Amino acid sequence: MKKTFTISEISKIVDIPVNTLKHYDRIDLFKPAIVKPGSLYRYYTLEQIYTLVLIKDLRTMDMSIQDIRDYLKERNVSKSLNILDKKLYEIKRDLEILNRKKCYLEGKLNTLKVSHNMRYELNEIVEKTLQERSAMTFGVYIKNDEDKYFASRQLEKSITASLPGMPGMICCTHGVFIPRDELVSDSLPHSAIAFVFVHTSETVPFYTAHSRTIPSCHFICGYFEGKMWDRKPCLERLLDYIQKQQMKIVGDAIQINHIDDNLTDSSTEFLYEIQIPVSY
């Protein structure tokens, strides 16, 4: 068998592109055994095939160039175990992040599929008993679109900071609280407090300072289309129903953004739900 191989030959043997082998040479990760002076032709030995295959395997595990350097330098069993253990930890961490993304995305898709079929209930009033929920909010009042976008970005930064790798608002169900004091006043409310629902299974310490529990309760619910501030007719309908049924409003209302500008550019496709907690 040949004792040396050109870069093209070694590329075919180990199935690593020529450009990649040249790159490894330039960054001093793996250099050819022989470089002919003047021509700069590269030649590799039979013994180098094993190391190249090893590098290829390590790259398949997404190991960084620096980690591969460390792995190849003065190897021993203890060192190799530590490096591989570190990589296993990183893979497990990434899998946890991916699984969390999967859960949020599945939840969002399921909600959207249901929400998209809710339009037939636009003029209906629905009574629901809902279980306890958790939300993250900074308690900042918003009164217009400029306030809304600022509050959304603030929440989005908090989500990505506390849940690394999360895609932010697009995969989370969010909305605003409508203060009870304004609901029971003579004039319809114009302000709101932005929030985003969080999974109760999450144990992120960051949530502790900014979390809010929505107690299990009976809710009077309705839907409306358009922009989030186009809620007056829906609110009037719900409040009139509550009054006629002699119910008492027992907390802040929840306005949920089922479909908004995170999902479509057409405001005619926007869909919101208002949930008002009540008791008899």
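Reply: Happy to. A salt bridge is a side-chain nitrogen of Lys or Arg within 4 Å of a carboxyl oxygen of Asp or Glu. Please keep in mind that this is a predicted model.

Me: What makes Arg93 and Asp94 a salt bridge?

Reply: Their closest N and O atoms are 3.3 Å apart. The cut-off is 4 Å, so the pair of Arg93 and Asp94 qualifies.

Me: Why are Arg93 and Asp94 called partly exposed?

Reply: Arg93 has a relative accessibility of 38%, and Asp94 has a relative accessible area of 37%. Buried means under 20% and exposed means over 50%, so values in between count as partly exposed. That is where both Arg93 and Asp94 fall.

Me: How many salt bridges does the structure hold?

Reply: There are 11. One of them joins the side chains of Asp67 and Lys86, with 3.4 Å from N to O. Asp67 belongs to helix α4 (residues 65-72) and Lys86 to helix α5 (residues 77-116), so this pair ties together parts that are 19 residues apart in sequence.

Me: Is Asp67 buried or exposed, and how do you know?

Reply: Asp67 has a relative accessible area of 16%. That is under 20%, so Asp67 is buried.

Me: What makes Glu273 and Lys128 a link between distant parts of the chain?

Reply: Their side chains meet in a salt bridge, at 2.7 Å from N to O. Glu273 sits in strand β13 (residues 271-279) and Lys128 in strand β4 (residues 126-130), 145 residues apart. Glu273 is also buried, because its relative accessible area is 2%, under the 20% limit.

Me: Let us turn to Tyr24. Why is Tyr24 called buried?

Reply: Tyr24, which is found in helix α2 (residues 18-26), has a relative accessible area of 6%. Buried means under 20%, so the word applies to Tyr24.

Me: What is Tyr24 in contact with, leaving aside neighbours within four places in sequence?

Reply: Tyr24 is in contact with Leu29, Phe30, Ile55, Arg59 and Ile65. Contact means heavy atoms within 4.5 Å. The C-alpha atoms of Tyr24 and Ile65 are 9.2 Å apart in space, and the two residues are 41 residues apart in sequence.

Note on methods. Residues numbered from 1 in each chain as written. Predicted model: local features only at pLDDT ≥ 70, side-chain atom pairs only at ≥ 80, totals over all residues. Heavy atoms only, no water. Helix = DSSP H or I, 4+ residues; strand = E, 2+ residues; numbered from the N terminus. Buried < 20%, exposed > 50% of the residue type's maximum accessible area, 1.4 Å probe, protein only.
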